[in-house]
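Could you walk me through this structure while I have it open in my viewer? I'd like to know what to select next and what is there.

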Amino acid sequence: MVQTAEFASPDAPFRTSRKLRTDTAVGPEAPVQPFPIYLSGPVQRGFGRGGKDLGCPTANLPDESLPAMSTVTQTGVYYGYAQVHDAEEGDNAVLPMVMSLGYNPFYKNKQLTAEIHIMHEFKSDFYGKEMKAVVLGYIRPELDYVSREALIEDIEIDKRIAINSLGRCGYEAYKMDPHFILPKL
Ligand SMILES: Cc1cc2nc3c(=O)[nH]c(=O)nc-3n(C[C@H](O)[C@H](O)[C@H](O)COP(=O)(O)O)c2cc1C
């Protein structure tokens, strides 16, 4: 985890009440600058609240991988694809993901983290394994919440937005990006 002077924790907008959000695709028909952003590194342990508190386990990327994101973009929620190498068969595919980059204002973290939730039921945990990701689009800023339930509800909407956004041809193509290790044909 890192905290840099040029990327210090901003005040998060506060979500005080339920706000209507749709789950339709966001962003242009294909990624535009600064996307795609390529990330990789061994999976780190976070505080573990994602799985326990939110029903949304996340894999943290190491500090060294953060400048690739933080120098070109802002804190917030993103979508793309990720792959865990050397995972069990079926768990090592290129899979849709949502990523939270920031300070988790609901939990008042002091350090910047990049946490990836891969939309897949893994057979076992994969701490220490190499994860590769390509970030393709932005969904929303990080928010503070009146309740854990409100945060969970927004994360579920983020996941649906990501699936709908990635379903477009200009995004689906990145599943086959050479950044990932693809099965030999
Ligand atoms: C798609 C997604 C969106 C998130 N949005 C927010 C947010 O708006 N505000 C916030 O405080 N945390 C947000 N989080 C981060 C969660 O608070 C974080 O994943 C949780 O604290 C688990 O971290 P831990 O495993 O390090 O404990 C989001 C996480 C994901 C996966």
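Here is a short tour, one selection at a time.

Before you click, note that this is a predicted model, where local features need pLDDT of at least 70, side-chain atom pairs count only at pLDDT 80 or more, and totals for chains, interfaces and linings use all residues. Residues are numbered from 1 along each chain as its sequence is written, and side-chain values use heavy atoms, leaving out hydrogens and water.

**The sheet.** Start with the open sheet of six strands, ordered S2-S7-S4-S5-S6-S3 with antiparallel pairing. Helices (H or I, at least four residues) and strands (E, at least two) are DSSP runs numbered from the N terminus, and two strands pair if DSSP finds at least two bridges between them. At the edges, pairing on one side only, are S2 (37-42) and S3 (59-60). Now select S3 with S6 (residues 113-118): they pair in the antiparallel sense over two bridges, and Ala59 stands opposite Ile116 in S6.

**The helix on the sheet.** Next, show H3 (residues 148-166), which packs on the sheet and touches S4 (76-84), S5 (95-102), S6 and S7 (130-140). Contact here means heavy atoms within 4.5 Å. The direction of H3 makes about 130 degrees with that of S5; axes are lines fitted to C-alpha atoms, for helices over the stretch in contact, and angles run from 0 to 180 degrees between N-to-C directions. Among the buried residues of H3 are Leu151, Ile155, Ile161 and Leu166. Buried means under 20% relative accessible area, exposed over 50%, and partly exposed in between (1.4 Å probe, protein chains only).

**Met69.** Where does Met69 sit? Its place is in helix H2 (residues 67-70), and Met69 is buried, with a relative accessible area of 0%. Leaving aside neighbours within four places in sequence, Met69 is in contact with Ile37, Leu39, Tyr78, Met99, Leu101 and Val135.

**The rings.** Finally, colour the aromatics. Rings of Phe, Tyr and Trp (its six-membered ring) pair if their centres lie within 6.5 Å; planes under 30 degrees apart count as stacked, over 60 as edge-to-face and the rest as tilted. By this rule there are five aromatic pairs. Phe106 and Tyr107 are edge-to-face, at 5.1 Å centre to centre and 80 degrees between the planes. Stay on Tyr107: the charged end of Arg49 sits over its ring, 3.9 Å from the centre (the rule asks for NZ of Lys or CZ of Arg within 6 Å of the ring centre and within 35 degrees of the ring normal). To finish, select Phe35, Tyr78 and Tyr138, which form one aromatic cluster.
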